[in-house]
Amino acid sequence: MTRIGQAIMLLHGGDREEARNRFGALWSEIGEHGDALHRCTLAHYMADTQDDPGDELAWDLRALTAAEGLTDERAAEHRDALAVRAFYPALHLSLAADYVKLQRPEAAWIHLNRARKASGVLADDGYGGGVRAAIGRLERRLWDQWP
């Protein structure tokens, strides 16, 4: 998780290419069947480094698949991890945004609705507020594009 966190810091610092390279190397080490927490976290952020919306969608789908194999006990082993159910609002929000980019409004609405339903588990903190605000922004965008 430390190395994943370092790559996330590169991404947030604006170095998408180096973050993508590091995530790719880590993914090669972890593999498709590695630890679910590592796969979920890495894939979720790897999606944000992609230039092609189809590639971004593929990584976000990997993150969701990994989350489905993750237990609260495993997530709790990492000091900064949320309960597994708190992953789902952001994962579905990311998928909804991917589908918007791909001009697939029906799929976008499905995942946006899943994000909104799942957001009830989020705390009233910065993270929870940020995810709920992003859901609201994407919902307004969808209504503007595809009412």
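Predicted model: local features only at pLDDT ≥ 70, side-chain atom pairs only at ≥ 80, totals over all residues.
**Entry 1: the H3 and H4 pair**

I looked up the axes of helix H3 (residues 36-47) and helix H4 (residues 53-68), which come within 8 Å and cross at roughly 160°. Angles over 145 degrees count as roughly antiparallel, so H3 and H4 are roughly antiparallel to each other.

Next I asked which residues make the contact. From H3 they are Ala36, Arg39, Cys40, Leu42, Ala43, His44, Met46 and Ala47. H4 answers with Glu56, Trp59, Asp60, Arg62, Ala63, Ala66 and Ala67. Sorted by class, the contact of H3 with H4 has 10 nonpolar, one polar and four charged residues.

**Entry 2: the second largest pocket**

I then turned to the second largest pocket and noted a volume of about 150 Å³. Which elements give two or more residues to its lining? They are helix H6 (88-101) and helix H8 (126-145). H8 provides the largest share of the lining, five residues.

I jotted down the lining residues by name: Ala90, Leu93, Ser94, Gly130, Val131, Ala134, Arg137 and Leu138. By class, I have five nonpolar, two polar and one charged residues in the lining of this pocket.

Notes: Residues numbered from 1 in each chain as written. Heavy atoms only, no water. 1 Å grid on protein atoms, 1.4 Å probe; cavity = no way out; pocket = protein on both sides within 12 Å on 5 of 7 lines; lining within 4 Å. Points joined across faces, edges and corners; volume = space filled by probe spheres on them. Helix = DSSP H or I, 4+ residues; strand = E, 2+ residues; numbered from the N terminus. Nonpolar A, V, L, I, M, F, W, Y, C, P; charged D, E, K, R; others polar. Axes fitted to C-alpha atoms, helices over the stretch in contact; angles between N-to-C directions. Parallel < 35°, antiparallel > 145°, perpendicular 65-115°, else oblique. Contact = heavy atoms within 4.5 Å.
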